[in-house]
Amino acid sequence: MMATLTKAFKPILGRQLGNTAKVFGAAVNSQRGKPTYPPPAKYGGRHTVTLIPGDGIGPELLNHVRELFRFSCVPVDFEVVHVNSASTSEDDINNAIMAIRRNGVALKGNVETNHTMPPNHKSRNNLLRTSLDLYANMMHCQSLPGVQTRHKNIDIIIIRENTEGEYSSLEHESVSGVVESLKIITRNNSLRIADYAFRLARDKGRRRVTAVHKANIMKLGDGLFLQCCKEVASGYPDIEFDSMIVDNTTMQLVSKPHQFDVMVMPNLYGNVVSNVCAGLVGGPGLVPGANYGRDYAVFETATRNTGKSISNRNIANPTAMLLASCLMLDHLKLHDYANMIRGAILTTMNETRLHTVDIGGQGTTSEVVQSIMRIIQSGGPLTTEI
Amino acid sequence: YRSPPPAKYGGRHTVTLIPGDGIGPELLNHVRELFRFCCVPVDFEVVRVDSSASSEDDINNAVTAIKRNGVALKGNIETNHNLPPSHNPGTICFDLYANVMHCQSLPGVPTRHKDIDVIIIRENTEGEYSSLEHENVPGVVESLKIITRVNSLRIAEYAFNLAREKGRRKVTAVHKANIMKLGDGLFLQCCKEVAAGYPDITFDKMIVDNTTMQLVSKPQQFDVMVMPNLYGNVVSNVCAGLVGGPGLVPGVNYGKDYAVFETATRNTGKNIANKNIANPTATLLASCLMLDHLKLRAYAKMIRKAVLKTLSETQLQTADLGGQGTTSEVAHSIMQEIQRGGPRTSEQI
């Protein structure tokens, strides 16, 4: 069905809208009949999760995750898939995508995108997100106790459209010296992300969803996004809906972040707003992020930094990656393990002498991980009834 | 090439004034009152363009007025979202290619970050603001973001020139070239080429998401920043929030022959209009920048000093800074401050 749809659309759309046609096709397909989730990769009570080390601080932090999981006897086995950011062939990333399709869940570090490569060399992270149709990026920004920040008690959920918008990678230079980048907004994807946002808000008992846009300038594009959000909002009368222009949003975020509850927005604004929020709660080392699709979920740090300059020096902050692994455990319904590890992380956060450099301390990564393991050990036996 | 002669007759300048919507009219009235009080040799030609104007004639009149005078002071004109998308004639007609915003921590204003001094130079004519959108397939909208070599070179040249003039040491280009390789890649390349001609100034680059994160934690690391249109919008709003809000920062739009002065964050302030609670600082500082541009430096300095002195008096601070002062109280205090400063006719202009 999807193949015929794509074939039917190609002649109409003509030039480089193959990607859009594919996404459109996938979305239409999902609306036919009930979605059937692929069976989880769980054999003998043990889950298999794809692990993509990435570059920079990814490998060392993910090693810590594996060590911690082994120590805590978490029933998760990792299938490690390496993606070489220096190679131009797409085999590595295709292998990773296939592994994720097989397992359904992945934990990844950031794969660096080399700016000097030719333009047809696409960002590996982006390829992963669009091929698996991980349409919703969710980031829960919470002020962690024990971390000194200028703003206290922030609790914002940011939902960012993850596949289209400015990240369509469709650019061309029709006239020399004039580059056109296409920003794609589709009705289907906008409805989908708005629906995800409102459902999540309802599940978590949140009261307000704010759509962030720039519809005064991009009237058709962001106008369509805003309209889709409004349509979905009318189906959730218990949740308040309002909208705010992105420049005003960022200005309000740095002065009064407590006014925001749940925010939904297209791709680029999501990138900027989530980085601003990460900066507000203490930096890139503290916030985990999750990318959800219909069938797959990939967990990583929220701000997707490679951290090349601090890699292999034992100074990186493992909190973001460890909290991401807890989100993954929640997704696999291993809630007890998730709560145990999360509790240990937050207790460790309260000790200022264990803070790493990015939050103003002098602790090393291994000290932080050791402390977490000690707290878990002192928490009692590691086998629970589950 | 010779720039057009200034609109200066008998020692008096003529400047176009566009009141705009929301708090624009009341704040610009304060500006006019203050200028009359200080005997500033500037006459304002008021041209009304607001969101209720349905004809193109009003906009064309404003355009002609600015072309005639060369300089304008304006309030923000609200964009009606329900109107069909039409080409925005504002900045495009005059090719006001550089938007400059100088973000400085002002003494007396309580903020979480201190000692911020960042100049943001934003490309003002192209990028995501090209207003070129179409819907080839129903439900699929394409917005075009245009980056051209000529405009990128021009804005980079402007940025480095300004940095050199003001004795700044570093220019940071803000981009997203890892995703928009051709577009922002071209912008970055142009910045690099221009940087090669200014070896005394350090040039570095930063991705926009990292930039905004660094801005909220360590804004003191930035000196001069140059960027395309949309990132400029977001980054300048973040910086305005860091130094105290939209009521404090003035902005300028420079073209080759024209200059338009306004508040940096371009807010209409509809919900605080006509309530006498708006903060006039941004508009007044913008008028000081305009006086500098017209080479009436003594007047500019006098007014700026009075504005900053009034700002440091906490009981006069307006609601957006956490105080309870009214706009008229602030304006009145500024006039009192100026009166105390001595005679208003000085020999040097």
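**Close-ups of where chains A and B meet**

T186(A) has V140(B), in β8(B), as its bridge partner. Before we zoom in: this is a predicted model, where local features need pLDDT of at least 70 and side-chain atom pairs count only at pLDDT 80 or more, while totals for chains, interfaces and linings use all residues. Residues are numbered from 1 along each chain as its sequence is written, chains are lettered from A and ligands numbered from 1 in the order in which they are written, and side-chain values use heavy atoms, with hydrogens and water left out.

**View 1. Two β8 strands run side by side.** Strand β8 of chain A (residues 178-186) pairs with strand β8 of chain B (residues 140-148) in the antiparallel sense, over 9 bridges. Strands here are DSSP runs (E, at least two residues), helices are H or I runs of at least four, and both are numbered from the N terminus. Two strands pair if DSSP finds at least two bridges between them. Look for L182(A) too: L144(B) in β8(B) stands opposite.

**View 2. Step back and there's an open sheet.** Its 4 antiparallel strands come in the order β7(A)-β8(A)-β8(B)-β7(B). β7 (171-175) of chain A and β7 (133-137) of chain B sit at the edges with a single partner strand each, so one side of each has no neighbour in the sheet. From one strand to the next, the twist averages 35 degrees; axes are lines fitted to C-alpha atoms, for helices over the stretch in contact, and angles run from 0 to 180 degrees between N-to-C directions.

**View 3. Here's the interface itself.** In contact are 61 residues of chain A and 59 residues of chain B, where contact means heavy atoms within 4.5 Å. About 5,000 Å² is buried between the chains, with carbon and sulfur atoms giving 66%; buried area is the accessible area (1.4 Å probe) that two parts lose on being put together, summed over both. In chain A, R150(A), L220(A) and M251(A) lose the most area to chain B, together 13% of what that side buries.

**View 4. A salt bridge within chain A.** The side chains of E166(A) and K183(A) meet at 3.1 Å, N to O. A salt bridge is a side-chain nitrogen of Lys or Arg within 4 Å of a carboxyl oxygen of Asp or Glu. Between chain A and chain B, the count is 0 salt bridges.
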